[in-house]
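Biologist: I'd like to learn how to read strands and rings in a model like this one. Can we go through it together?

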Amino acid sequence: MNSDLIIIKAKFKLYRTDNGARKTPIITGYRPNHVFEYKENSNDFIATYIGDVNFEGQEFLTPGESIITTVRFLRHGDIERFIQIGRIWWIHEGRNKVGEAEIIEI
């Protein structure tokens, strides 16, 4: 096990395109910005974290779909304080929020 990584299982959902999210599917290895908190009364996030999303038994995920997947986070900053079962976080591509995920296993 690599001590530089935090590996979790998550329910990962891409928002539908008609809600302003992405128009194309994502593939395994996808590396979005992971956002765990926003500034108070704002859509501005405090920090983003590095992690890749890896599908098992499926090549891609289309907007509007959900999947149980493995997410590998780079262990840096204060990310460990967010890693707990039931924690929800948001998936961003730059400033655009394109999905969300929930930790189901650590």
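Biologist: How many bridges join strand β7 to β8, and do the strands run parallel or antiparallel?

Modeller: First the idea: strands pair if DSSP finds at least two bridges between them, and a strand is a DSSP run of E with at least two residues, numbered from the N terminus. Here β7 (residues 88-93) and β8 are joined by six bridges and run antiparallel. This is a predicted model, where local features need pLDDT of at least 70, side-chain atom pairs count only at pLDDT 80 or more, and totals for chains, interfaces and linings use all residues. Residues are numbered from 1 along each chain as its sequence is written, and side-chain values use heavy atoms, with hydrogens and water left out.

Biologist: Which residue is the bridge partner of W90 in β8?

Modeller: That's E100. Now look at the turn: β7 and β8 make a hairpin with two residues between them, and G94 there has a positive phi of about 65°.

Biologist: In what order do the strands close into a barrel?

Modeller: Follow β1-β6-β4-β3-β7-β8: these six strands close into a barrel with antiparallel pairing. From one strand to the next, the twist averages 45° (axes are lines fitted to C-alpha atoms, and angles run from 0 to 180 degrees between N-to-C directions).

Biologist: Okay, rings next. How many aromatic pairs does the structure hold?

Modeller: Seven. Rings of Phe, Tyr and Trp (its six-membered ring) pair if their centres lie within 6.5 Å; planes under 30 degrees apart are stacked, over 60 edge-to-face, and the rest tilted. F36 and F82 have ring centres 4.9 Å apart and planes at 10°, so they're stacked.

Biologist: Why is the pair of Y49 and F82 edge-to-face?

Modeller: Because their planes are at 65°, with the ring centres 5.8 Å apart. Y49 lies in strand β4 and F82 in the loop between β6 and β7, so this pair ties together parts 33 residues apart in sequence.

Biologist: Which residues do ring pairs link into a cluster?

Modeller: F36, Y49, F73, F82 and W89.

Terms used
Helices (H or I, at least four residues) and strands (E, at least two) are DSSP runs, numbered from the N terminus.
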